[in-house]
Amino acid sequence: MPSTAPTLNPPANARRARRASVDGRARFREAGQNPFDAELYDLSSTGFRMFTYSRQAIGKRIWVSLPGLEPREAIVRRAEGCSYGCEFVEPLHPSVASHLQAKLGA
């Protein structure tokens, strides 16, 4: 009989928040630098993935301007070619994330 007890150690690829595919534009910048354009292609309350031709280093802090929000601080966590996974320093409120996911839904 399968166990119904909750898993104490979630899998390494488990997400902390619901991720949704989006199709939107954003601008981001490093501290004291000019902004760059980026294409968002997924978003959750804890982070986002973007495509940009501006090279970013893992661990770099950036400020991203999402539609209708003040710039939010994020940290580049993954890089693959011109695609970057970023984590918000302060997560979005779940209702704000849901609103953006619906507005920018792919």
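Biologist: Two strands count as paired if DSSP finds at least two bridges between them. How many bridges join strand 1 to strand 4?

Modeller: Three, and the two strands run antiparallel. Strands here are DSSP runs of E with at least two residues, helices are runs of H or I with at least four, and both are numbered from the N terminus. This is a predicted model, where local features need pLDDT of at least 70, side-chain atom pairs count only at pLDDT 80 or more, and totals for chains, interfaces and linings use all residues. Residues are numbered from 1 along each chain as its sequence is written, and side-chain values use heavy atoms, with hydrogens and water left out.

Biologist: Back up a bit. How many helices and strands are there in the protein?

Modeller: One helix and six strands. Along the sequence the pattern reads β-β-β-β-β-β-α.

Biologist: And in what order do the strands close into a barrel?

Modeller: The order is 1-2-3-6-5-4, with antiparallel pairing. Neighbouring strands of this sheet are turned by 45° against each other on average, ignoring direction. For angles, axes are lines fitted to C-alpha atoms, for helices over the stretch in contact, and the range is 0 to 180 degrees between N-to-C directions.

Biologist: Which residues lie between strand 4 and strand 5, and what does G68 do there?

Modeller: That hairpin has six residues between its strands, and G68 takes a positive phi near 80°. Strand 4 (residues 61-65) and strand 5 (residues 72-80) pair over four bridges, and R61 stands opposite I75.

Biologist: What about the hairpin of strand 5 and strand 6?

Modeller: Two residues sit between those strands, and G81 has a positive phi near 65°. Strand 5 and strand 6 (residues 83-88) are joined over six bridges, with E80 opposite S83.

Biologist: Which residues of strand 4 are on the covered face?

Modeller: I62 and V64, while R61, W63 and S65 are on the uncovered one. In a regular strand, side chains alternate between the two faces of the sheet.

Biologist: New topic. How much of the protein is buried?

Modeller: Buried residues make up 33% of the 106 residues. Buried means under 20% relative accessible area, exposed means over 50%, and partly exposed is in between, using a 1.4 Å probe and protein chains only.

Biologist: How many residues are in the largest nonpolar core?

Modeller: It has 20 residues, and those with the most contacts inside it are L40, F48, M50, I62, L66, C86 and F88. The elements giving two or more residues to this core are strands 1, 2, 3, 4, 5 and 6, and helix 1. A nonpolar core is a set of buried Ala, Val, Leu, Ile, Met, Phe, Trp, Tyr and Cys residues joined through side-chain atoms within 4.5 Å.

Biologist: What is F48 in contact with?

Modeller: Leaving aside neighbours within four places in sequence, its contacts are L40, D42, L43, I62, V64, A74, Y84, G85, C86 and F88. Contact means heavy atoms within 4.5 Å. As for L40, it stands opposite M50 in strand 3.

Biologist: Now the helix. Which residues of helix 1 are buried?

Modeller: A97, L100, Q101 and L104, in a helix that spans residues 94-104. Seen down the axis, they fall within an arc of 100°, so they line one face of helix 1. That arc is taken from the directions from the helix axis to the C-beta atoms.

Biologist: What covers them, and which exposed residues are on the face turned away?

Modeller: The cover includes strand 1 (20-29) and strand 2 (36-43). Helix 1 lies across both, running at about 105° to strand 1. The face turned away carries the exposed residues H99, A102 and K103.

Biologist: Last one: where is E30, and which side chain does it join in a polar contact?

Modeller: E30 is in the loop between strand 1 and strand 2. Its side chain and that of K60 are joined by a polar contact of 3.4 Å. A polar contact is a pair of N or O atoms within 3.5 Å; within protein, one must be able to donate a hydrogen and the other to accept it, and residues adjacent in sequence count only if both atoms are side-chain atoms. Not counting residues up to four places away in sequence, E30 touches Q56, K60, R61, I62 and W63.
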